[in-house]
Amino acid sequence: MIPEAGHFALTLALLVALVQASVPMIGAHRGNAAWMELARPAALAQFLLIAFAFACLTYAFVTSDFSLLAVVRYSHSAKPLLYKISGVWGNHEGSMLLWVLILSLYGAAVAVFGRNLPPGLRARSLAIQALIAVGFIMFILFTSNPFERMLPPPENGQGLNPLLQDPGLAFHPPFLYLGYVGFSMAFSFAVAALIEGRVDAAWARWVRPWTLAAWIFLTTGIALGSWWAYYELGWGGWWFWDPVENASFMPWLAGTALLHSAVVLEKRDTLKGWTIFLAIVTFALSLLGTFLVRSGVLTSVHAFATDPARGAFILVLLLVVIGGSLALFAWRGPSLASTGVFQPISREGSLLLNNLLLTTAAAAVLLGTLYPLFLDAVGGGKVSVGPPFFNAVFLPLMAPMVASMAVGPLLTWKRGELGPALTRLWVAFAALAAAAVLAWAVVADGPLFALVGMGLAAWLLVGTVVGFAERVRLFRVPFPETLRRIGRVPRAAWGMTLAHGGLAIAIAGMIGAGAWKVESIQVMKPGDTQTMAGFTFTFEGARQVQGPNYSATRGTFTVTRDGRPVVTLHPEKRDYPVERMPTTEAAIHPTFFGDLYVVIGDAQGSEGAFVTRLYFNPLLGWIWGGIVVMVAGGMVSLSDRRHRVGAPKTSRAAAGAGAGAPARA
Amino acid sequence: MNRRFLYVLPLVVFAVIAAYFAVGLTKDPSAIPSVLIDTPVPEFALAPIKGRDRGLSREDLKGEVSLVNIFGSWCFACRVEHPLLMQLKKENAVPIHGIDWRETDRDAGPKWLAKFGDPYTLIGDDPESRAVIAFGVTGAPETFVVDKNGVIRYKQVGPITGRIWEETLRPLIEELRRQ
């Protein structure tokens, strides 16, 4: 009964979305206020209906209702509650329902918080948002119904992949989707603006908070996924350039570019067409990420062959959403005249450079991810594009970007001067040299790019601090004056400083863990020792332990350094009997300078010997630390009152009042 | 005119991508090899490569779950997965047999293995793509999971990554061993 109610609510949501997609759009065209106003209650109703449907599905998973096909396939009564709930979105059908739930959540948020938006823009963007919802709800109802019954119901479920039974992964998809779908808001605003034929600074100010929120979620989602891969897969790596990861990374790159070009549009009324284009592309890549990975097109083409209806539907949906918006862009885009002009050496110029590098990087990742599929399509045989391709393309693009990131904030708008900016960055130059020399002193035999990378990370970190110091006139004015200025720094500027600094820390971690990783694989008997990176690992033996729904081999390693104990580690190799699947639980001891990472493998012979993998990942924790700082920066920036959806008017009034001081952000 | 072209360009690029998708999705390019899944390994017997005395034949693949890995010294992506194969060898995770494909020089394969390490239990030399065609291989590297009875149970196209090994191959091998 409850599943049917959920199914019915979803069908109703489709009807509401149809109304929301058409009536306000026509109303905006004719200037009928009542018709436009309908968008808001409709968006709320749509959200409530989908939330109800989602609650029904969650109830079925929590109560292990095995008359539902999805519950049978992806759940099991012996599973802990958390994973029963995460099982709701741990499968194709449920994840699609989560997708539309988040889509309608954003729509409802605009309906509630977007009171100050111009009625025409609000009505049109909510209509576009509803149009996307129509496509997705139809996709769910016709090809991927999570409420499908299975009669007679079996005794128990088929469980959930034990690799996915992990808190990191339980929360990874919702965050990723909050990010992906969040970019739908920028997309809807962009399409609405194209229909209206008007893009201005106010538009950019309304789009930025939504893009920023999506960026925060997507960054968190990607980091959670990467963190999970790091501690769960047991290979000591945290990024594999795997299609699944690339699919989430592409919208991140494009979305980051969008965030920055929207700043230029807001401040300088230029890069209009480009910003609209980025908004469309970012959401297009998000759709690609959702579909191509979930449906398995990239990893195995079989998934599609078995369900041609689903494949055809996805293709049509992509064609309509992406093709339609790009056609609109081709038609209306040229009429968006930019008024601001600027010199190449200027704040705008540096932001444009960052945009070009980020989008080129996104295009390169797209090419590398899709190339095998393309070649297949034209009968060119199979090729694989592995990490060497991505590293070879990606690093040369990122190096100039990081180099320019420290300079950009020191340039003035419109026309800047490189000389004075570089002069102010002398401390950063010194930091660059010091970091490279220090890296060389510590790891003399490492690769050259690591020295350059460490130097650039230091350059960016110190350069960012210099940029902030310049803003508050540190050492140039009396200290109390500097303090007063610090108090007046807008939160958006704090956010930028944090985000750029966080990236510098994360880059140092990525370079360190990537270039200087030490690993050692061997068979160890109880009592054997192995020395690596200055640490001595003693294998004390392994024993069997019993978990709630698995049994495990648990090894004990004591680690010492110069004879002093450091830590005792317990890696596990788990076996889940229901799914008949083993998983690796690496034991990790994070330290400031790097992670000790120990994995226990298969038993060898009868004397209690095991294969063991030991890793030392230098600076790896800095990656997570840096990302946390970046996300914090995003949140601080989001809390800036100028970004608050309700605030634009008052903020503009305030800016007008303080016209004597140049606006800086 | 020029300006307008810039705005149309994204649509054109997307049209090309979409056309590829449409072809890629309907064609199901992996249809040919999938025929071999769950069928016995085709009849084949390959000579050893230089420096080894045993080659590889269908009979060698019976009795134990094993991997058959198609590689060649000319294949760049093979170098990508090579360290992982070496790790698997060190761990005794599963016997890995190799088919050294399309070498024009009889020294190239052995030299390559001498340089990067040799993870293979048995290796067959296949310069004329005899066994490789019988297996339905479309490119290198490609890896087949063969069960105890010499039946092909899975085909991995492209390099094995740590993730593919942990998520797909290792669980499958454990399951096949229990059968």
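How are α21(A) and α22(A) oriented to each other, roughly parallel or roughly antiparallel? The points below take up this question first and then turn to other parts of what is a predicted model.

1. Helix α21 (residues 491-515) and helix α22 (residues 620-638), both of chain A, pack with their axes 7 Å apart and at an angle of about 165°. Because angles over 145 degrees count as roughly antiparallel, α21(A) and α22(A) are therefore roughly antiparallel to each other. Their crossing is left-handed, and the residues that make the contact of α21(A) with α22(A) comprise 19 nonpolar, 11 polar and one charged.

2. A second pair of helices in chain A can be described in the same terms: the axes of α6 (residues 92-113) of chain A and α7 (residues 119-143) of chain A come within 10 Å and cross at roughly 165°. It follows that α6(A) and α7(A) are roughly antiparallel to each other, and α6(A) passes α7(A) in a left-handed crossing. On the side of α6(A) the contact includes Met96(A), Leu97(A), Trp99(A) and Val100(A), while on the side of α7(A) it includes Phe136(A), Ile137(A), Phe139(A) and Ile140(A). Taken by class, the residues of this contact between α6(A) and α7(A) are 15 nonpolar, four polar and one charged.

3. Leu619(A) is not a glycine, yet it has a positive phi of about 60°; Leu619(A) is found in the loop between β10 (609-618) and α22 of chain A, and it is buried, with 26 other C-beta atoms within 10 Å. In chain B, Asn92(B) likewise has a positive phi, of about 55°, although it is not a glycine. Asn92(B) lies in the loop between α3 (76-91) and β4 (96-101) of chain B, and Asn92(B) is partly exposed, with 13 other C-beta atoms within 10 Å.

4. Chain B as a whole has six helices and seven strands, which follow one another along the sequence in the pattern α-α-β-β-β-α-β-α-β-α-β-β-α. The C-alpha trace of chain B spans about 70 × 40 × 30 Å along its principal axes, and 41% of its 179 residues count as buried. Where contacts in chain B join residues at least 6 apart in sequence, 75% of them join residues at least 24 apart.

5. Five strands of chain B form an open sheet with mixed pairing, in the order β5-β4-β3-β6-β7. The edges are taken by β5 (123-126) and β7 (152-157) of chain B, each of which has a single partner strand, so one side of each is left without a neighbour in the sheet. Neighbouring strands of this sheet are turned by 20° against each other on average, with direction ignored.

6. At one end of that strand order, β6 (residues 142-146) of chain B and β7(B) pair in the antiparallel sense over five bridges, and here Glu142(B) stands opposite Val157(B) in β7(B). Helix α6 (residues 162-178) of chain B packs on the sheet and touches β6 and β7 of chain B, its direction making about 170° with that of β7(B).

Methods
Residues numbered from 1 in each chain as written. Chains lettered and ligands numbered in written order. Predicted model: local features only at pLDDT ≥ 70, side-chain atom pairs only at ≥ 80, totals over all residues. Helix = DSSP H or I, 4+ residues; strand = E, 2+ residues; numbered from the N terminus. Buried ≥ 20, exposed ≤ 12 C-beta atoms within 10 Å, placed from the backbone. Contact = placed C-beta atoms within 7 Å. Axes fitted to C-alpha atoms, helices over the stretch in contact; angles between N-to-C directions. Parallel < 35°, antiparallel > 145°, perpendicular 65-115°, else oblique. Left-handed = near helix turned anticlockwise from the far one by under 90°. Nonpolar A, V, L, I, M, F, W, Y, C, P; charged D, E, K, R; others polar. Pairing = 2+ DSSP bridges.
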